[in-house]
Amino acid sequence: MEHLRAMGVVLLKEVTDNVRDRRAMLLALVYPLMAPLLIGVLINMFSGISGGADDDAEKAKPALAVYGGDRAPALIAFLQGRGYSILPVTGDPKEMVRTGKADNIIAVSKNFHEKYDAKQPAEVFVLLDSSRLRGLSALKRSMTLLGDFNREIGQKRLVEAGVDPALAAPLTVSSVNISESTNITDFFLYMIPPFIIFTIFMGGIYLAVDSTSGERERGSLEPLLINPVERWALMMGKFAAALLFTALAVFIHLLAFKGAFFWAAGTESSFYRALSPTVMISLFFVALPLMFFAVGVQVIIATLTRSYKEAQTYLGLMPLVPALPGLILVFSPLKAQSWMMAIPIFAQTVVFGDLVRGDVSSALDIALSMVITLGFASVLALIAAWFYEREQVIFGG
Amino acid sequence: MIEAHDLHKKFGVVTALDGVGFHAPDGAVTGLIGPNGAGKTTALRILYAIMRPDRGSASVDGFDTVTARRQVQHRIGVLPDARGLYPRLTGREHIRYFGRLHGLEVGALERRIDELAEILAMGEFIDRRAKGLSKGQTLKVALARALVHDPHNVMLDEPTNGLDIASSRAVRDLIRHMRDQGRCILFCSHIMQEVAAISDRLVIVSRGRVAAQGTPDELRRRTGQQDLEEVFLAITAADSPLREGAA
């Protein structure tokens, strides 16, 4: 009871102290917004690309920019027949593409009319700027349409010449998408787990360093240790403060993802639906034992290093390393299995992945990941407490 | 009362304490004096129970600093050499933090803070953040923090270091006042005049040992010197590396 009270006193002091610190608040409140913002922007950009590729009937079809369309009435009629409106280009078509006024332009060659009427290959150019992503999807659309026109007219001419058009088509090629998700941008959902891991290891880092190596360097650790309080209780007070900041950062991170998805893709998107309140609460609770674990590592490193700067060097690397497995899994998602639950960080990465995909892991696996990670975290806390008991704690090392 | 018996402490190959023993009685100011690196800070750290001696023992009011650490720490108020304030907390918050860690009850704690603010003449700066405080103001906050639980034994490391004349005098007056209340004051410095001005007893530490102890008059008689600075030099010179080199 007495120890708990002392822990509470330290917790309150550390929170008061760090709320007044711009850098601590930046890490806890602003950094967690960055990744969701970035992903939001990416989704916004990519949805233009992939949306154009399928051209659903319900979706409004974009206007096609055509230069010299008056020389190719048959082509224009074909495109209009497919439901596209035509945007005649009058200026310099290359300049328009270069400046981004058009994603790409179908340019009809000067002698198109004569060649076409003479049933010779007539030239059509598709102008694009390959450094623009939107240009690539527009290119795909233009090429598909021109290919269709080519085939249709070609078959008509073969029939007129008395040849079976099937002879000119040795292959019938169609691609079959076996993905359950309808959109390539779902890929971005898989980036949520590594980002959450990153935030777990980042959110409380400043407080952990400041309240341990920082306290030692300021010379305030020695007066603090003179108080008639068990050292482990002092340490746990700081631990709890760092945990609180970490939890706050993760909470803000999840809300920011939800907000970014809403902004970038709307409430009907698979993103917005994937992060339902239930999923968000589950993510948070699955993350809790790992937050405990992360703070344990941070406090141990901050206790052992001699200075603030040294601690920051090691801890700066830390958020990145645990996020690595998750970054790899972005490209080859893995279904959670029980043995994985025994490995902290990895366990959470796969469970997060299952949760955001809506591919719910078994409750037993989730419980297993939480219990085992909490076990590891408790060992770390014990080690940190042991380090605090040593008299070297006032010098570091 | 503070007692040290035959304290030994090594850090790697460096011997910091090599058999330090002395006592500081109640109702007196005991000055611990010695050149830089003599082992004063290490001895104090053992006395305020954040370090253990390799050999020997220390006690405060009869409580052993190793086996009864928390009882010892309840009975001492310490002003360490590094004042160690938190830049973003106000003076009042510093005092309150330590008061709470000592388990003081809220009402009594707030009354005690007001009392200390008056004794130490802490003006409005008690509610300013420590970052902008002057040396004298910083010292007053650290001192108030050390005394918040009204300790019977007080250990002060270089308490007037860097203070102006008026502030130094105020600190000396406070030390005398606490002594007259019957408290045990152990006071550590490397400035002889300062120690001479206020100490009832002197403990001279040199190269990890107690070179001499007694009242200033006893030490004057023993060395045959009138000026305490000469007394100090006469006593520590026996251990000085220069003397060794010359011999």
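## Strand pairing in chain B

Two strands count as paired if DSSP finds at least two bridges between them. In this predicted model, strand 4 and strand 5 of chain B are joined by two bridges and run antiparallel. Across this pair, B:Val60 faces B:Phe63 in strand 5 of chain B. Strand 4 of chain B also pairs with strand 1 (residues 2-11) of chain B, through five bridges and in an antiparallel sense. One of the positions on this side is B:Glu3, whose bridge partner in strand 4 of chain B is B:Ser59.

The hairpin of strand 4 and strand 5 of chain B has two residues between the strands, and B:Asp61 takes a positive phi near 50° there.

B:Asp61 is not a glycine, yet its phi is positive, at about 50°. The residue is placed in the loop between strand 4 (55-60) and strand 5 (63-64) of chain B. Its C-beta has 17 neighbours inside 10 Å, and B:Asp61 therefore counts as partly exposed.

B:Ala121 likewise has a positive phi of about 50° without being a glycine. Its setting is the loop between helix 4 (106-119) and helix 5 (135-147) of chain B. B:Ala121 is exposed, because 10 other C-beta atoms lie within 10 Å and the limit for an exposed residue is 12 or fewer.

## Helix packing in chain B

Two packed helices are described by the angle between their axes and the distance between the axes. For helix 3 and helix 5 of chain B, the axes come within 8 Å and cross at roughly 20°. This angle makes helix 3 of chain B roughly parallel to helix 5 of chain B, since angles under 35 degrees are classed in that way. The crossing of helix 3 of chain B past helix 5 of chain B is right-handed.

From helix 3 of chain B, the residues B:Gly91, B:His94, B:Ile95 and B:Phe98 meet B:Val141, B:Ala144 and B:Arg145 of helix 5 of chain B. By class, the residues of this contact comprise four nonpolar, two polar and one charged.

## Helix packing in chain A

In chain A, the axes of helix 10 (residues 231-265) and helix 12 (residues 277-304) come within 9 Å and cross at roughly 140°. Helix 10 and helix 12 of chain A are therefore oblique to each other, because only angles over 145 degrees would count as roughly antiparallel. Helix 10 of chain A passes helix 12 of chain A in a right-handed crossing.

The residues that helix 10 of chain A brings to the contact include A:Met235, A:Phe239, A:Leu243, A:Val250 and A:Leu254. Helix 12 of chain A contributes, among others, A:Met280, A:Leu283, A:Phe284, A:Met291 and A:Val295. The contact of the two helices has 17 nonpolar residues, with two polar and two charged residues besides.

## The mixed sheet of chain A

Four strands of chain A form an open sheet in the order 2-1-3-4, with mixed pairing. Strand 2 (86-89) and strand 4 (124-128) of chain A stand at the edges; each has a single partner strand, so one side of each lacks a neighbour in the sheet. From one strand to the next, the twist averages 30°.

Strand 1 (residues 64-67) of chain A runs parallel to strand 2 of chain A, and four bridges join the two. Within this pair, A:Val66 stands opposite A:Pro88 of strand 2 of chain A.

## The surroundings of A:Pro93

A:Pro93 belongs to helix 4 (residues 93-98) of chain A. With 21 C-beta neighbours inside 10 Å, A:Pro93 counts as buried, because the threshold for a buried residue is 20 or more.

Apart from its neighbours within four places in sequence, A:Pro93 is in contact with A:Tyr67, A:Ile105, A:Ala107 and A:Leu127. A:Pro93 and A:Ile106 are separated by 13 residues in sequence and by 8.9 Å in space, taken from C-alpha to C-alpha.

## The interface between the chains

Between the two chains, 21 residues of chain B are in contact with 18 residues of chain A. On the chain B side, the elements that give two or more residues are helix 2 (69-75) and helix 3 (91-101) of chain B. Helix 3 of chain B gives the most, with four residues. The side of chain B that touches chain A divides by class into 12 nonpolar, four polar and five charged residues.

Key
Residues are numbered from 1 along each chain as its sequence is written. Chains are lettered from A and ligands numbered from 1 in the order in which they are written. This is a predicted model: local features need pLDDT of at least 70, side-chain atom pairs count only at pLDDT 80 or more; totals for chains, interfaces and linings use all residues. Two residues are in contact if their C-beta atoms, placed from the backbone, lie within 7 Å. Ala, Val, Leu, Ile, Met, Phe, Trp, Tyr, Cys and Pro count as nonpolar, Asp, Glu, Lys and Arg as charged, and the others, Gly among them, as polar. Axes are lines fitted to C-alpha atoms, for helices over the stretch in contact, and angles run from 0 to 180 degrees between N-to-C directions. Angles under 35 degrees count as roughly parallel, over 145 as roughly antiparallel, 65 to 115 as roughly perpendicular and the rest as oblique. A crossing is left-handed if the near helix is turned anticlockwise from the far one by less than a right angle, and right-handed if clockwise.
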